[in-house]
Amino acid sequence: MARAFLVVMDSVGIGGAPDASSFFNGDLPDLGANTLAHIAQACAAGKAEEGRSGVLSLPNLERLGLGAALRLASPIPFPGFDTAPKGRWGCAAEVSRGKDTPSGHWELAGLPVPWDWCFFPDTTPSFPADLSSYVAQAAGVDGILGDCHAPGTAIIERLGAEHMQTGKPIVYTSADSVMQIAAHEESFGLERLLDLCQTIAPRLHQMKVGRVIARPFVGSVQDGFTRTTNRRDFAIPLPSSVLTNWVQDAGRPVHAIGKIGDIFSMQGIDTLQKGDDATLMQHLAERVAKAIDGSLTFANFVEFDSIYGHRRDISGYARALEWFDTEIGKIITELREGDLLLLTADHGNDPSWPGTDHTREQVPVLVAGLGAGAVGEVAFADVAASIADHLGIMPEGPGRSFL
């Protein structure tokens with residue numbers, strides 16, 4: 001019986017979203033954003049030399065058809081990626097009105113988001129006064145810090161010391177439908193932070209805010225602050241079943257790696273493994289080695305987005321892509337006959353683009369294990385239908401199999 005591995009390269013967009021002009025970073029539309037192509041251009045121009053050098057080298061992804069998918073999605077000039085595809089390749093466009101994690105992942109799993117998300121304005125304060133008071137009361141303090149749009153690393157650097165002095169949580173948001181709460185694991189307490197986020201999440205979900213995210217950090221004023229891997233997302237419950245449910249309801253095991261468990265509120269998920277991306281790659285390799293026939297493994301590699309995209313770090317993003325390419329190449333060689341490994345993304349986060357937010361882009365669809373050929377231009381939901389088709393399970397969403 002076949003196995004399936006669905007791997008999301010978080011934010012590795014390839015440009016060309018047909019509705020990009022209606023999505024914005026600040027006052028500027030996302031039209032023209034292209035995460036992968038702009039990184040490749042910067043590398044070729046010698047503008048991404050920190051910790052690496054030269055043209056962007058992704059031989060394993062290129063062999064699967066990454067260059068062909070990029071040209072299909074957005075025919076702009078970029079260097080390299082000329083290898084004839086040995087895998088099945090295409091690009092996918094999203095219909096949900098968002099460029100965020102829940103929208104992308106839900107739709108990849110077969111469920112376009114059926115409502116408009118609530119977003120907080122890019123003002124200070126960002127949150128309604130009654131909501132800020134509710135969060136402070138739930139935290140047992142007399143106020144919050146932040147109350148604005150901000151990158152997570154920057155805001156803990158700016159407010160970490162005051163947070164440790166006052167005990168007030170750092171509460172912030174972004175262009176996504178999200179409330180993020182940062183707190184020190186020791187002075188505030190990790191469990192206290194998780195309890196706070198879990199307590200306030202139902203109220204945010206009623207407002208159609210997609211996620212409340214606990215963002216724990218450690219460190220000191222003298223040595224600086226660092227976010228830990230104990231992040232936890234409290235996502236709004238899904239209104240109907242998705243790929244993970246379809247597989248589990250068919251009596252097959254579903255393994256989640258990374259933040260997949262948080263995104264889907266553990267719906268249809270049997271096991272969950274977390275950690276930094278290097279650890280997650282080890283977990284994926286273990287599942288390829290040991291997962292039973294008929295199983296689904298659903299993985300997310302977040303550091304492209306969280307560490308490099310939002311920080312607009314082109315060199316770092318390029319390093320992460322090259323590391324991922326090397327490691328996923330090893331995993332592909334270990335696939336069994338009949339296995340499917342599908343690589344895709346949930347949105348873009350062009351590190352060359354103005355602002356610090358996600359960018360509205362199409363995403364690659366690269367399939368290892370089923371020979372070569374063009375998939376073409378497909379919908380996000382077609383990914384779920386295709387994996388269900390491969391596993392011999394009836395899909396329930398709007399997608400169509402491209403296998």
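**First stop: a buried arginine and its partner**

Select Arg3, which counts as buried because its relative accessibility is 0%; buried here means under 20% relative accessible area, exposed over 50%, and partly exposed in between (1.4 Å probe, protein chains only). This is a predicted model, in which local features need pLDDT of at least 70 and side-chain atom pairs count only at pLDDT 80 or more, while totals for chains, interfaces and linings use all residues. Residues are numbered from 1 along each chain as its sequence is written, and side-chain values use heavy atoms, with hydrogens and water left out.

Arg3 and Asp339 form a salt bridge, with 2.7 Å between the closest N and O atoms; the term denotes a side-chain nitrogen of Lys or Arg within 4 Å of a carboxyl oxygen of Asp or Glu. Arg3 belongs to the segment before β1 and Asp339 to the loop between α12 (314-332) and β14, so the pair ties together parts 336 residues apart in sequence. Helices (H or I, at least four residues) and strands (E, at least two) are DSSP runs, numbered from the N terminus. Asp339 is also buried, its relative accessible area being 2%.

Side chains of opposite charge can pair when their charged atoms come close. The whole structure contains 15 salt bridges. Select Arg231 and Asp233, whose side chains meet in one of them at 2.7 Å, N to O; both residues are buried.

Next, select Arg336 and Asp293. Their salt bridge has its closest N and O atoms 3.4 Å apart. The pair links distant parts of the chain, 43 residues apart: Arg336 is in the loop between α12 and β14, and Asp293 is in the loop between α10 (277-290) and β13 (296-301). Arg336 counts as partly exposed at 35% relative accessibility, and Asp293 is likewise partly exposed at 40%.

Then select Asp19, Glu94, Arg97 and Arg360 together; a network of salt bridges links these four residues.

**Third stop: the annotated site**

Which residues does UniProt list for "binding site"? The unreviewed entry lists Asp10, Asp346 and His347. They are spread over 338 residues of sequence but cluster in space, the largest C-alpha distance being 7.2 Å. UniProt positions are given in the numbering used here, with feature names shortened, and annotations may be inferred rather than shown by experiment.

Centre the view on Asp10, in the loop between β1 (4-9) and β2 (24-25). Asp10 counts as buried because its relative accessibility is 0%. Beyond residues up to four places away in sequence, the contacts of Asp10 include Thr101, His105, Lys259, Asp305, Asp346 and His347; contact means heavy atoms within 4.5 Å.

Move to His347, in the loop between β14 (340-344) and β15 (363-368). With 1% relative accessibility, His347 counts as buried. Leaving aside neighbours within four places in sequence, His347 is in contact with residues including Asp10, Asp100, Thr101, Asp305 and His358. The side chain of His347 also makes a polar contact with that of Asp346, at 3.2 Å. A polar contact is a pair of N or O atoms within 3.5 Å; within protein, one must be able to donate a hydrogen and the other to accept it, and residues adjacent in sequence count only if both atoms are side-chain atoms.

Select residues 101-108. At the start of α4, a side-chain oxygen of Asp100 reaches to within 2.9 Å of the backbone nitrogen of Ser103. Just after α4, Gly110 takes a positive phi of about 105 degrees.

How many disulfides does a search of the whole structure find? The search finds zero, a disulfide being a pair of cysteine sulfur atoms within 2.5 Å. Select Cys148, which is in no disulfide; the nearest cysteine sulfur, that of Cys197, is 16 Å away. Cys148 counts as buried at 7% relative accessibility, and Cys43 counts as buried at 2%.

**Last stop: the whole protein**

Zoom out to see the protein entire, with its 13 helices and 16 strands. Of its 403 residues, 60% count as buried. Along its principal axes the C-alpha trace spans about 60 × 50 × 35 Å.
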